[in-house]
Amino acid sequence: MTISQILFIVMSLVVLGGGVMVVTARNLFHAALFLILSFFGVVGLYLLLDAGFFAAAQFLVYIGAISILIIFAVMLTRGVQLAQPANSQWPAALVISVIVFVIMAIMLGPIAITIGQRQFGDVSWPNVTAGQPAPAVADDSLVRLGQSFVDFNQYGAAFLLTAVLILVAMVGAIWVARDRTLKDVMEERAELAAEEAQEAMLAGLVQQPLPLGEAQSAESPAVPAAHH
Amino acid sequence: MSVIDAINNLLKIISDGVVNLVEGILGPGLGADLIVMGLGAVALCTLAALTFMAMTWAERKVVARIQSRVGPNQAGPFGLLQPIADGIKMFTKEDTTPASADRWVYNAAPLIIATFALVTFAVFPLAPGVVGTNLNIGVFFVIAVGSASTVAILMAGWGSNNKYSLLGAFRTVAQLVGYEVPMLLNVIPVILLAGSMGLADIVQRQTLADGNPGIPFILYLPLSALAFFIAGVAETGRSPFDLLEAESEIVAGFHVEYSGMKFALFMLGEYVNTLAVSIVFATLFLGGYAGPILPPYLWLAIKTAGVFFIFMWLRGTLPRVRVDQLMSLNWKVLVPMSVVNLIAVMILAKLFVTSPGLQAANGGILVTPETQAAILFVANMAILLSGLAIAARRARVLRLAEEADIESRREANRAAASSFVGGAPAK
């Protein structure tokens, strides 16, 4: 076995082991950390393929950003420690996973399968045998990657569409978390105060004078006098 | 080879000598390569760790001088042995673990933060031809690996099972993830001008053909340099952006529960990250190891020390910013300015090219590097000044609105108070 084969097996075990631990860990936070471990294995696989840019992008995007979001979501979840790794839907999940795995294995495998008119599989992967040099990765692969993103005969359209999609998502996020103006806040407060006053009147409670620091703004309707 | 050449190429000569020695013993091959790489990694990590010791001493001395104190002065001359005394103290301290800590997560966090801080040193060009590995994605690699500290800090905050730790970790995420955006946005103009992401290529681009320093990129891109520096201070979590360990609010943030060597590893991670940002700044904007007369590695050390001095200066003089100020500065000032700057640099670098080959390929007007630098400098300064003017105007509008709101509330309070007569509201 060559060193790169050993490294490939180690990295694959990291990816698969991390993935298994993600779905079996009882502590949700641990599951998120095992997901990061799995991502890290993917970084290693990219490095083995001489794809340094993809490795760094995987690191920055998945480990540096996406997993952080997942951890945040986990931290805001109840019952992090006692979560059950499986619920009653696990047989359905198992069936779907197996189906997806089989489809992917067929699509990427060496055996040709004809379904209807379409032919699937029959992928011939470049075979590296021990003692022979691996097919060289061109030095300008990064340059060519960049050029393929701006070339409309290659991935230019997909790249632009992705950019637009991300822009839309960003604008949406900003709109959801938008900064309300002072006027909006004041109107909301006035509505709230009016509702409270109405409830108090209906309940026949004596309206206490508000402390000065929390007095209603000028825009809020005057609190009606309660019954004496 | 003259003595001056030997001094200038000292690092190169040493590394070549080590390579020859190892290959002489083992013969060239995989084994020799692995040993050479291992030795290089050990040398780089040792360099970083020794620099960490020197940095702690220098920072305590400089900040003490800024604040009219003396600083460490008992251990050795000028307190020079203070880092060693601190190290012995850290080693001999009890290594505590909270009873309710998440053991694996708690113990792994300091290791991760220190490891990934040291990994960045693999790509820094210390002198011509002396670089751990000349990745063609150098600067991207540094920023990507630097993002691992976010995960480690979250692990520390969660694993300690302490509310102050967790608060510190929460603050970290908002800060570090947010400031990664302007950091990357301000690296891209440099990559555009240099035509490469490799740190050695970026230094090469700032060096003239005869080895003398050319125009450093800080003169091309003053706005990018400023924004990158601010983002760098925030990324390393140093004052005035040290919200993640604000001792007056959340004790010490994410490392409250750590003691002994684990705490020392967090310190190592923080200082090595600072050192990495200083070196990246010196490489991207100040021309790296290029410089006259003195040997190149010394020039890199001088430039890095200069950048680190500004870090210390900020720490000694500025108060900590509030969380909302931190976020506003990032998302409302730095990011929009950086995006506008990036677009401007893209257009100008396309219009005014310096190499005839590029002109033949893409068109554009052929200018000298000095002219290109002048054009980009003017554009950068125009964006910076107009951006600051807009921000200042917006801040003034908001402040006036806030004052008007407070005044209207006072009026309402007075009206409410005067309508109560003898404890009963007037009809």
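Mentor: Start with a definition: helices and strands here are DSSP runs, at least four residues long for a helix and at least two for a strand, numbered from the N terminus. Keep in mind that the model is predicted.

Trainee: With that definition, what pattern does chain A follow along the sequence?
Mentor: Chain A reads α-α-α-α-β-β-α-α-α. The count is seven helices and two strands.

Trainee: How is chain A divided into domains?
Mentor: The assignment gives domain 1 (1–85), domain 2 (86–124) and domain 3 (142–205) of chain A. Taken over C-alpha atoms, the centres of domain 1 and domain 2 of chain A are 23 Å apart.

Trainee: What share of chain A is buried?
Mentor: Of the 228 residues in chain A, 13% are buried. To be buried, a residue needs 20 or more other C-beta atoms within 10 Å of its own. As for contacts in chain A with a separation of 6 or more, 45% join residues 24 or more positions apart.

Trainee: How confident is the predictor in chain A?
Mentor: The average pLDDT of chain A is 78, and 78% of the residues score at least 70. Within chain A, strand 2 (residues 118–121) has the lowest confidence, with a mean of 71, and helix 6 (residues 156–176) the highest, at 89. Residues 214–226 of chain A have a pLDDT below 50, yet this stretch has 31 contacts in the model beyond near neighbours in sequence.

Trainee: And which values describe chain B and the complex?
Mentor: Chain B averages a pLDDT of 83, with 96% of the residues at 70 or above. For the complex, the predictor gives an ipTM of 0.77 and a pTM of 0.80.

Trainee: How do you know that the span of helix 2 of chain B agrees with its number of residues?
Mentor: The expected span is 1.5 Å times one less than the number of residues. Helix 2 (residues 10–26) of chain B has 17 residues and should therefore span 24 Å; its end C-alpha atoms are 24 Å apart, which agrees. B:Gly27 follows this helix, with a positive phi near 80°.

Trainee: What makes helix 11 of chain B "mostly covered"?
Mentor: Of its 14 residues, 12 are buried. Among them are B:Phe228, B:Phe229 and B:Ile230. Helix 11 of chain B reaches 20 Å from its first C-alpha to its last, close to the 20 Å expected. Just after helix 11, B:Gly237 has a positive phi of about 65°.

Trainee: Why is B:Ala32 called partly exposed?
Mentor: Partly exposed lies between the buried cut-off of 20 or more and the exposed cut-off of 12 or fewer. B:Ala32 has 17 C-beta neighbours inside 10 Å, so it counts as partly exposed. B:Ala32 sits in helix 3 (residues 30–66) of chain B. Leaving out residues up to four places away in sequence, B:Ala32 touches B:Val22, B:Glu23, B:Leu26 and B:Gly27.

Trainee: Is B:Ser68 exposed or buried, and how do you know?
Mentor: B:Ser68 has 6 other C-beta atoms within 10 Å, so it is exposed. B:Ser68 lies in the loop between helix 3 and helix 4 (82–92) of chain B.

Trainee: What is worth noting about phi here?
Mentor: Most residues other than glycine have a negative phi. B:Ser68 is not a glycine, but its phi is positive, near 60°. B:Asn161 also is not a glycine and has a positive phi of about 55°.

Trainee: Where is B:Asn161 found, and why is it called partly exposed?
Mentor: B:Asn161 is in the loop between helix 7 (148–159) and helix 8 (163–194) of chain B. B:Asn161 has 16 C-beta neighbours inside 10 Å, so it counts as partly exposed.

Note on methods:
Residues are numbered from 1 along each chain as its sequence is written. Chains are lettered from A and ligands numbered from 1 in the order in which they are written. This is a predicted model: local features need pLDDT of at least 70, side-chain atom pairs count only at pLDDT 80 or more; totals for chains, interfaces and linings use all residues. Two residues are in contact if their C-beta atoms, placed from the backbone, lie within 7 Å. Domain bounds come from an automatic or database domain assignment. pLDDT is the predictor's confidence in each residue, from 0 to 100.
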